[in-house]
Amino acid sequence: MNEITIGLSREDLPNSYIGRSVPRPSVAKLVEGRATYTDDVALPRTLHAAFLRSPHAHARFTVRDTEAALRVPGVVRVFTGHDLAALCTPWVATLEHLKGMKSAPQRPLPLDRATWQGEAVVAVLADTRAAAEDGALALDVEWEALPAQTDMETALKPGAVVIHPELGDNLAFRRTATHGDVDAAFATAHRVVEARFVTGRHTGVTLEGRSILADFNRADGTLTVHHATQAPHMIQEVLAQHLGLPAGKVRVVCKDVGGSFGIKVHVYPDEMAVAAMSVALARPVKFVADRFESFSSDIHARDHRILARIAVAEDGTIIGFDVDDLTGIGPYSVYPRTSAVEGNQVVNLCGGPYRFEHYRCTTTVVLQNKAATCQYRAVGHPIATAVTEGLVDLAAEALGMDPLELRRRNLIADDAYPTTSPAGMRFEGLSHHASLDKLLSMVPLDRIRADQAEARARGVFRGLGFASFIELTNPSPFMYGIGGARISAQDGCTVRMDPDGSVVAASGVTEQGQGTEAILAQIVAHGVGVSVGKVRVVTGDTLATPYGGGTWACRGAGIGGEAALQGALALKAQILEVAGAMLQARPEALDVVMGEVVDRATGTPRMPLGELGRILYFRGDTLPKDLPRELVQTRHYITKEYPFAFTNGIQASWVEVDTDTGMVTLLEHWCVEDCGRIINPLLVDEQVKGGIVQGIGGALYEHCLYDEQGNLLTTTMADYLVPMAAEMPEMHVGHVETPTRESLLGAKGAGEAGTAGAPAAVMNAINDALRPLGARVTEQPFTPARILAALGRI
Amino acid sequence: MKWPATSYRRASSLGDVWQAFAEGGAGVQLLAGGQTLLATLAFRLSEPALLLDITRIPTLRGIALHGGALRIGALTTHAGLGRDPLVARHAPLLAQAVPLIAHPAIRNRGTIGGSLANADPAAELPACAVALEATLVLASAQGERRVPAGEFFTGLLSTALRPGELILAVEVPIGRGGSITEIARRSGDYAMCGLALVGARPVFFGVGDGPVLARGAGAALARGDVEAACAALDTDLDPPTDMHGPPAMKRHLARVLLRRAAAPRQEQAA
Ligand SMILES: Cc1cc2nc3c(=O)[nH]c(=O)nc-3n(C[C@H](O)[C@H](O)[C@H](O)COP(=O)(O)OP(=O)(O)OC[C@H]3O[C@@H](n4cnc5c(N)ncnc54)[C@H](O)[C@@H]3O)c2cc1C
């Protein structure tokens, strides 16, 4: 970075933090156990909630008796769906711009019918969680099991169980995007290759379970909610609306949040119940989901079946993609972001890295009696990338062409921007070819191909797979706002200097362990001109921070970071104006470097900020009367030119498949991504690596398995396999930087790139390994059983 | 979930145990390493009235040679088994099994007595005990009795232990050698399929309701016919479907393991 491009102080200044690997200031707190998670917040008179959850995927129920539960020592109250109906209005999770979308009204607790196994149906409040659980076990509830609609393939067929009869059918949403003339183009193409892809239903597995502590204070009519959420202002709006409180009386606080990945950006009925019960009793009520509850009631994602075709010319030119996506989202669309977005993203993103003429993609989003699905890290991207890159590899195979060569021929040229994809996505500036070149400078291709040939001769099957991808970041109101959801696309940051020269930045974006606060501190330190240790960052409190959207969809750095930068620069301008008056210098002739006002030209120190603060705050009488004294500045930022800032990248995976056991060993993994301006290389690499691991999770291990009756089989960490360190490959991360010109900072998102591309790269690597044996897998997760079946061994 | 309300007592001698059993009967649950038991409490799968901690009873500890066998106290932890010189020398199969069991933190607490008493069908040590023709030394207020490992495991999570009885030690014939291999999705996971092979005694785990001695395969191995041994697994094993795959997959993996385990022996013989 230099002064010319973004108007900041010189790169070599000691406080030039943007682009530098600065360790996260919060790490010591987290590893020393001094974080304050929601469960660590202890308020007097707190009641603990436990829920009786439906043992059936679909059932009618009657709460016959609560007396036995109330007799359990410590139990205070029992709430049924009917009790809460009077306290909390139902919601319907649709968005206006998702045309034709439908979903049924959902309540904190259902009145008489449960629609997935694990749905909370009755709440018990007690002095301790253990007593509340004893109470829940003592409830007398009569269940009448109903036929369950679990298979998404039959959800729209005659004979399907219509989960909400008032909707008429199980279709929640359908959308087709078309461009060109797919039928004609495919009919005349040199080759058409097709495949059926499946992505496995999985979930986010945050270390900290969902947690909420709601505290309604009848004395002043305020509801304070400590909450493990990514989007405190959104939750504030939702609570106010459905509990009938003015938004201004609702405060949402999230101190430390232990991981989110999208799991904690939704409205959960059991959490709404907790808030409603607190309002009813005017007492604090706490609920922390345990691991069983997490598996059965956190949102799931990625439950898709995709039939897809690619048409190519003889020379390898991609002519078009034709994609039919089907996804099952559970019994209700999730509030307020809806569960149609993932399928919609598949429609927006298939074929994304490539230039081609003809496109058709349909997503069909159906209801089913399983846990609800919704936005989880890299929403839709891993699916679209697996389909696109799986087809590209199949086309290369059909043409007898090197898959890298086919990519090189079709990736959008680096000088073709701005451009619009056949799906209608507008790209400001991407770097597919530069990223591919960079990747090939990291992957020892010749050595790997030689090793592969040598190993094959020994009967050892190794494979190398690639996956180019695009990623949607920095969302504008086009994501949710235009659909009617009160979710801010704009974010703000207030930056202030205190008398001792320390700086406090309050931001509307939030921290869940990824280091948002660290990059905000870097940006503010860089912008103001102080050491990063002088900056404290406040996030996650609707009462104390500017209104904003929170952290999701990769917006913390790109949106929150720009607001912080602008706020910091404004504060610095203000400091220099005050300093100019004190030092009788022109503000333009001064600068702030490492907490000191200096002569801009020579760097000669003129005055420490602590001295400036002392005079301003305590001896303001000595300053000119008309001098502006606001050492606090707030700036907001929203993207205006593009609905989204797309990023891009490419990954490579090198694996070995044991063709006797079906086990895949991940040997090495590479990712080059372009997130625009890199603020902290250490954190970006951590994000990319963590994202790759989560992508590998979906590709090889993670699977929410249901039986045909809709019973969840994977309810513990022993059955639901998360990726673990021992199995992870050596990972190499490289970067190309194409800053967005929409902001001074130029940052786009980096949090989802790893997850977007990893499953496709692993799939292509496995299939590269299996190719000499004539086997292929396209159904995730690629388990030993599936690989052995593909090999015809079982 | 939270544990059910349960009381806890620490026994310092076997006498304390017999007394607790006499007073509490079926409500008494022995607590060793806790690595299985405590999880079942959190699942509310068991609700014992009393957790009786046996980890401070000296007579359950120690590893020593004892009349041609290696006697391993029930409280020997997996980690302890892995680093004991006598085990390495006289019962190396057990030392080989240790890295396959769970993760270091669990191996530091989990005990051989707990593993054998728990009789998880996918556990390593029960299969090793059967393959090695070990003998379990059981004790109760009435005295001691000795049960061959092959008769100890009676079904899914069930054993020949009687009410009021505990495992004192396990005695392993020395000098048996053997090998253990398994296929698990991730390191530390219970195996999808595993094999403890001692001489011509192939004992599979993760494929049935306990350790499974494959008798037909063993007979074929004794003749040196590995292919016939693999074929015999079709009748020797009757694996259930589980989350990892269908019975056909388990049989296939069992054949792969048997072939791999038997191959080096054949090479040696050749
Ligand atoms: C994450 C995880 C992964 C694991 N993976 C594996 C694995 O891969 N392979 C494997 O084999 N095991 C595995 N285990 C289980 C582990 O090995 C346990 O330690 C072992 O099964 C039980 O031993 P314990 O001493 O902890 O017994 P406890 O949990 O204390 O007790 C288990 C049962 O045995 C009874 N018991 C204990 N000692 C005696 C005794 N002396 N006499 C009679 N009854 C007794 C108890 O009453 C209880 O019913 C895993 C455990 C965990 C938590």
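This is a predicted model: local features need pLDDT of at least 70, side-chain atom pairs count only at pLDDT 80 or more; totals for chains, interfaces and linings use all residues.

Visitor: Which radius of gyration does chain B have?
Guide: The radius is taken over C-alpha atoms, and the globule rule is 2.2 Å times the number of residues to the power 0.38. The C-alpha atoms of chain B fill a box of roughly 60 × 45 × 30 Å along the principal axes. For 270 residues a compact globule would have a value near 18 Å, which agrees with the radius of gyration of chain B, 19 Å.

Visitor: Which radius of gyration does chain A have?
Guide: Chain A has 20 helices and 30 strands; helices (H or I, at least four residues) and strands (E, at least two) are DSSP runs, numbered from the N terminus. The globule rule gives 28 Å for 794 residues, so chain A is as compact as a globular protein of that length, with a radius of gyration of 27 Å.

Visitor: How many residues of helix 8 of chain B are buried?
Guide: Buried means under 20% relative accessible area, exposed over 50%, and partly exposed in between (1.4 Å probe, protein chains only). Helix 8 of chain B covers residues 124–131 and is largely enclosed by the rest of the structure. Among its buried residues are B:Glu124, B:Leu125 and B:Cys128. The number of buried residues in helix 8 of chain B is 8 of the 8.

Visitor: Which residue of chain B is among the contacts of A:Arg129?
Guide: A:Arg129 is found in helix 5 (residues 129–138) of chain A, and it is buried, with a relative accessible area of 12%. Contact means heavy atoms within 4.5 Å. Not counting residues up to four places away in sequence, A:Arg129 touches residues of chain A including A:His48, A:Asp290 and A:Glu293, and also B:Lys2.

Visitor: Is A:Tyr417 buried or exposed?
Guide: A:Tyr417 lies in the loop between helix 12 (403–410) and strand 18 (419–420) of chain A. Beyond residues up to four places away in sequence, its contacts include A:Ile412, A:Phe427 and A:His432. With a relative accessible area of 15%, A:Tyr417 is buried.

Visitor: What distance separates the centres of domain 1 and domain 2 of chain A?
Guide: Domain bounds come from an automatic or database domain assignment. That assignment gives domain 1 as 3–35 + 490–637 and domain 2 as 38–146 + 205–297, among the domains of chain A. Their contact takes 20 residues from domain 1 of chain A and 19 residues from domain 2 of chain A. Taken over C-alpha atoms, the centres of domain 1 and domain 2 of chain A are separated by 39 Å.

How values were computed. Residues are numbered from 1 along each chain as its sequence is written. Chains are lettered from A and ligands numbered from 1 in the order in which they are written. Side-chain values use heavy atoms; hydrogens and water are left out.
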